[in-house]
Amino acid sequence: MQKVTFCICFCLWGITSWSQQITYSEAEPEDLLNTYMEIIGKVNGNLLVYKHSSNDYAISVYGPDMSLTERVPLSFLDGKEARVHFIAFPGFVRMIYAYRKINTLYCMQVKLDKEANELGDPELLDTTRIQVSDEERVY
């Protein structure tokens with residue numbers, strides 16, 4: 001009798017257990033095999049993903065169900081970036097990037113909202129004079 005009760009309880013426990021749900025998004029036509037992707041994080045319910053392929057820079061905005069809401073091109077990036085970093089906050093994202101122009105390395109930042117729209121113009125944080133042969137990864 002104890003075995004039957006144990007089996008019934010075990011079966012009922014298995015029926016009422018919870019598991020996580022995994023949801024995948026559809027691949028975008030712009031995504032190539034050599035596309036670099038970085039998950040920025042969740043900002044006000046939207047998931048932001050940075051994508052870079054050759055000279056195409058964009059942030060894809062996904063909704064809670066992982067459906068693509070919008071693809072925002074980053075027009076202020078021109079292909080000379082040495083590094084791109086993101087700091088995600090609950091309501092916005094700070095994008096910090098560095099690029100080289102002649103013998104000067106510029107470090108810039110721009111604030112983005114939950115739809116990856118710019119909140120103001122990019123701001124200069126720092127500059128560094130470098131030699132032609134120097135490594136570009138100063139920042």
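**Core, sheet and turns in a predicted model**

Q: Which residues have the most contacts inside the largest nonpolar core?
A: A nonpolar core here is a set of buried Ala, Val, Leu, Ile, Met, Phe, Trp, Tyr and Cys residues joined through side-chain atoms within 4.5 Å, and buried means under 20% relative accessible area (exposed is over 50%, partly exposed in between; 1.4 Å probe, protein chains only). The largest such core has 21 residues. Those with the most contacts inside it are Y50, I59, L74, L77, F86, M95 and Y97.

Q: What kind of model is this, and where is confidence highest in the protein chain?
A: This is a predicted model, in which local features need pLDDT of at least 70, side-chain atom pairs count only at pLDDT 80 or more, and totals for chains, interfaces and linings use all residues. Residues are numbered from 1 along each chain as its sequence is written, and side-chain values use heavy atoms, with hydrogens and water left out. On pLDDT, the predictor's confidence in each residue from 0 to 100, the protein chain has a mean of 81, and 78% of its residues reach 70 or more.

Q: Is V93 buried or exposed, and what is its relative accessible area?
A: V93 lies in strand β6 (residues 93–101). Leaving aside neighbours within four places in sequence, V93 is in contact (heavy atoms within 4.5 Å) with I40, V43, L48, F86, I87, A88, V110, K111 and L112. V93 is buried, and its relative accessible area is 0%.

Q: In what order do the 4 strands of the open sheet run?
A: Two strands count as paired if DSSP finds at least two bridges between them. β1 and β2 pair over 7 bridges, β2 and β3 also over 7 bridges, while 5 bridges join β3 to β4. The pairing is antiparallel, and the order is β1-β2-β3-β4.

Q: Which strands sit at the edges of the open sheet?
A: The open sheet has 4 strands. An edge strand pairs on one side only. That makes the edges β1 and β4.

Q: Which residue stands opposite K51 in β3?
A: K51 is the bridge partner, in β2, of M37. Turning to β3, K51 stands opposite A58.

Q: Why is β2 called largely enclosed, and how many of its residues are buried?
A: β2 covers residues 46–53. It is largely enclosed by the rest of the structure because the buried residues of β2 number 6 of the 8.

Q: What is the phi of N44?
A: N44 sits in the loop between β1 (36–43) and β2 (46–53), a hairpin with 2 residues between the strands. N44 is partly exposed, with a relative accessible area of 47%. Phi is positive here, in a residue other than glycine, at near 50°.

Q: Where is M66, and what is its phi?
A: M66 is found in the loop between β3 (56–62) and β4 (68–73). M66 is a residue other than glycine with a positive phi, near 65°.
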